[in-house]
Amino acid sequence: MSFSELILFFESDLNKFLTFLFFSLISIFFASKHTNKKLENLKKIWEEKHGLLIYKTKSPFSFDSKHIDIPSRKPFKNKGHLSNLITSKTNPDLKIFNWTYAYREHVTARWIFMFKINREVVPHNLYFVFSPNYKTLLKTKSNALAMNKEFSKKFHLNTANTDSQNKKIVNQIFMNKKFQQILLVFDDINIECNSKEIFYFFDNTGLGYEIVPSLLEKAEYIHKKLVKIALRSKIKTIL
């Protein structure tokens with residue numbers, strides 16, 4: 001191949017690449033505009049129907065998440081990205097956001113429902129990680145709390161590195177038979193508590209906004225039951 005032929009070859013490929021890049025950028029631009037418009041419409045509907053406020057309707061969807069402390073996120077040095085914040089007009093203690101991270105060549109995205117603990121309602125300093133039993137990364141030798149066999153097959157409860165008082169209170173909550181029956185229905189539920197907030201999330205829910213109301217309904221139902229049981233705990237707590 002002569003030098004002039006080589007130049008023509010690269011020019012041809014460059015033109016193809018530039019054409020591809022141009023149309024790709026145009027497609028991204030219009031897709032972004034469509035998404036923004038869709039979110040703007042959804043924002044109005046949700047505020048009226050559910051009392052939910054979408055924090056951002058335009059990219060970037062990140063928010064100040066430095067204060068958010070998800071217990072299972074600590075071992076990975078706050079792995080992943082938190083985005084798509086949603087708040088509530090009727091419940092100032094509720095925050096909803098998306099947690100996305102990559103693990104073993106797979107991208108995981110799920111909606112997180114974070115409830116701030118009201119000390120007047122739940123005066124306990126609770127700390128635990130409750131998850132489906134296939135999550136072996138969260139298991140440690142010192143995590144064992146006595147749960148019945150059927151429940152233990154599906155779920156794992158981790159209170160490692162916490163004091164005996166916390167273990168007893170958490171044990172009372174998750175040994176409650178009625179609460180266990182509720183959790184067995186939602187076999188993909190994760191519940192975590194850092195003593196200040198309780199986090200509820202369901203595995204592999206994705207990024208779609210359309211599933212948030214139904215997931216919120218489940219999270220609120222489980223949260224009310226957990227709070228009710230924690231409130232009934234007979235163990236005296238140190239604030």
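User: Is Ser-195 buried or exposed?

Analyst: Buried means under 20% relative accessible area, exposed over 50%, and partly exposed in between, with a 1.4 Å probe and protein chains only. Ser-195 has 19% relative accessibility, so Ser-195 counts as buried. The model is predicted: local features need pLDDT of at least 70, side-chain atom pairs count only at pLDDT 80 or more, and totals for chains, interfaces and linings use all residues. Residues are numbered from 1 along each chain as its sequence is written, and side-chain values use heavy atoms, leaving out hydrogens and water.

User: Where does Ser-195 lie, and what is its phi?

Analyst: Helices (H or I, at least four residues) and strands (E, at least two) are DSSP runs, numbered from the N terminus. Ser-195 sits in the loop between strand S7 (189-194) and strand S8 (197-202). Its phi is positive, about 85°, although Ser-195 is not a glycine.

User: Which strand holds Asn-84, and what is its phi?

Analyst: Asn-84 belongs to strand S2 (residues 81-88). Phi is near 55°, positive in a residue other than glycine. Asn-84 has a relative accessible area of 11%, so Asn-84 is buried.

User: How many helices and strands does the protein chain have?

Analyst: There are five helices and eight strands. Along the sequence the pattern runs α-β-β-β-β-β-α-β-α-α-β-β-α.

User: What share of the protein chain is buried?

Analyst: Of its 239 residues, 40% count as buried.
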